[in-house]
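Here are some notes on the model shown below.

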Amino acid sequence: MKLFEKFFRRRPPIRDREALADFIDAQSAFIVQKGIYEYSRARAGHYAKVLFAEEGFKQSVERARWQAFPLGLSMVGEMVEGVLASQAGARRREILDQLTLVVLSVFDRYPVPPSIGEAAWLEARRDLAHRLDLVGGHAPKRVMDIPEPLAESYFAMMPIHEKLRGRDFQTTRNYLRVSLCNIHDELIARMDRAALERALIAGAVA
């Protein structure tokens with residue numbers, strides 16, 4: 001009974017910066033890692049168990065998931081901004097700047113992955129900050145369109161040799177679009193918009 005209670009327990013609301021950071025962290029990791037693992041298993045077919053047991057492939061997966069994490073942060077961060085921007089009005093830029101700090105704080109939770117190296121990791125951080133900055137220069141996109149500029153880069157990170165990938169890009173792009181829409185729905189269900197906006201604006205004033 002307790003197991004079922006835990007399973008169906010409503011997830012806590014998102015009403016402050018810490019809760020938002022935790023949400024962005026979890027969902028960014030989920031969207032990129034799930035795609036990597038599922039795609040690799042699908043391409044390996046019956047040999048998936050053997051492939052995932054190989055040390056070389058494990059290292060490739062490790063590198064791929066850390067390479068892709070900043071892309072997940074970018075997609076989820078832009079999606080959150082679009083939700084908040086719908087009612088932000090003249091304070092949109094102010095909220096975006098604070099949201100960017102939240103997203104970058106998530107990136108900074110993790111030490112430099114050995115599979116990436118410090119130089120590439122710092123470059124990924126700069127690229128993430130730049131992509132988020134550009135979000136304020138155009139109207140919010142439809143959620144399903146947010147992955148579009150990053151989908152090819154994400155697909156290229158798959159730990160499967162490019163000659164074996166076939167014509168799977170469209171499938172991967174659609175996976176990102178559907179997954180981000182589901183993440184959007186969870187945000188809407190859990191977000192206390194007024195409290196979250198106050199928390200972000202308070203950070204700008206402090």
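1. Leaving out residues up to four places away in sequence, Gln-27 touches Arg-11, Val-76, Ile-183 and Glu-186 (contact: heavy atoms within 4.5 Å). Gln-27 lies in helix H2, residues 17-44 (helices are DSSP runs of H or I, at least four residues, numbered from the N terminus). Gln-27 is buried, with a relative accessible area of 9% (buried: under 20%, 1.4 Å probe, protein chains only).

2. This is a predicted model, in which local features need pLDDT of at least 70 and side-chain atom pairs pLDDT 80 or more, while totals for chains, interfaces and linings use all residues. Residues are numbered from 1 along each chain as its sequence is written, and side-chain values use heavy atoms, without hydrogens and water.

3. The whole structure holds six aromatic pairs (rings of Phe, Tyr and Trp, the last by its six-membered ring, with centres within 6.5 Å; stacked under 30 degrees between planes, edge-to-face over 60, the rest tilted). One of them, Trp-66 with Phe-69, is edge-to-face at 6.1 Å centre to centre and 90° between the planes. These two residues are three apart in helix H4, about one helical turn.

4. Trp-66 also pairs edge-to-face with Trp-121, at 5.8 Å and 85°. This pair links distant parts of the chain, helix H4 and helix H6 (residues 118-135), 55 residues apart. Trp-121 is buried at 3% relative accessibility. Trp-66, Phe-69, Phe-107, Tyr-110 and Trp-121 form one aromatic cluster.

Conventions
Buried < 20%, exposed > 50% of the residue type's maximum accessible area, 1.4 Å probe, protein only.
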